[in-house]
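Dear colleague,

I am handing over the structure that we spoke about, and it is shown just below. Please look through it first, and then read on for my notes on what was found in it.

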Amino acid sequence: MIKFIKLKSTAVPLPNENIDTDQIIPARFLKVTNKIGFGNNLFRDWRFDKNNNPINSFVLNTKKYSGNILVAGNNFGCGSSREHAAWALTDYGFKVIVSSYFADIFKGNALNNGLLPVLVSAEFLATILSNIQINPDSILIVDLESQTISIENTDLYETFEIDAYKKICMTNGYDDIDFLINNKEKIEAFELSRAFSF
């Protein structure tokens, strides 16, 4: 995975609530196990009509909004446990998802795939969405080390929580295997200290 320390980016507002994993990536696209290309079908049934023509009113089909941050409504990633939802979001180019609530399984899948779910209060979420909609060029700053999200050139910010282990993994670009390999010497030393002598 790529190291994540700080991200400054414009953002895409998607204020819909209860966005489930089938809306993020419909089940008919889950027949492959390669992560590459899933972004093409992100929000497929919202982005394209039945004739595969772009739906111009959908936020990802407009030039007004862009960036590596998706700001979504409450209860993002509910529904099934499919990891493909995180694959689709990262393959599309999103590195951060902001919401006032995440489904637990989606949150875990996101962190395992280098996608940072930033949980904010409902009030701060409304502030961010309003700010982006008024000024699409607004920059959000997500600082994983200080665990803060802020709106550039304002005093508006909020802190967010993250599991300490996942924070270590993300800031170092580790998956679970990378973490173990990187700590191989410490693990071996611990094992030796606990070894029985006969």
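I begin with Arg82, which counts as buried because its relative accessible area of 16% falls under the 20% that sets the limit for that word. Please keep in mind throughout that this is a predicted model.

Asp22 lies in helix H1 (residues 21–24), while Arg82 lies in the loop between strand E3 (69–72) and helix H3 (84–92), so the pair ties together parts that are 60 residues apart in sequence.

In one of them, the side chain of Asp143 meets that of Lys6 at 3.8 Å, N to O. Because Asp143 belongs to strand E6 (residues 140–143) and Lys6 to strand E1 (residues 6–9), this pair ties together parts of the chain that are 137 residues apart in sequence. Asp143 itself counts as buried, at 15% relative accessibility.

In the other, Lys8 pairs with Glu152, and their closest N and O atoms are 3.0 Å apart. Here too distant parts of the chain are linked, for Lys8 is in strand E1 and Glu152 is in the loop between strand E7 (148–151) and strand E8 (157–159), 144 residues away. With 25% relative accessibility, Glu152 counts as partly exposed.

The nonpolar core: The largest nonpolar core holds 51 residues, and those that touch the most other members are Phe43, Val71, Phe76, Leu89, Val98 and Leu116. Helix H5 (residues 122–134) gives the most to this core, contributing five residues. If the neighbours within four places in sequence are left aside, Phe43 is in contact with Leu14, Ile19, Gln23, Ile24, Phe58, Leu60, Leu70, Phe76 and Leu89.

Cysteines: How many disulfides does the count come to? The count comes to zero. As for individual cysteines, Cys78 counts as buried at 16% relative accessibility, and Cys169 is likewise buried, with a relative accessible area of 2%.

With kind regards

Note on methods. Residues are numbered from 1 along each chain as its sequence is written. This is a predicted model: local features need pLDDT of at least 70, side-chain atom pairs count only at pLDDT 80 or more; totals for chains, interfaces and linings use all residues. Side-chain values use heavy atoms; hydrogens and water are left out. A nonpolar core is a set of buried Ala, Val, Leu, Ile, Met, Phe, Trp, Tyr and Cys residues joined through side-chain atoms within 4.5 Å. Buried means under 20% relative accessible area, exposed over 50%, partly exposed in between (1.4 Å probe, protein chains only). Helices (H or I, at least four residues) and strands (E, at least two) are DSSP runs, numbered from the N terminus. Contact means heavy atoms within 4.5 Å. A salt bridge is a side-chain nitrogen of Lys or Arg within 4 Å of a carboxyl oxygen of Asp or Glu. A disulfide is a pair of cysteine sulfur atoms within 2.5 Å.
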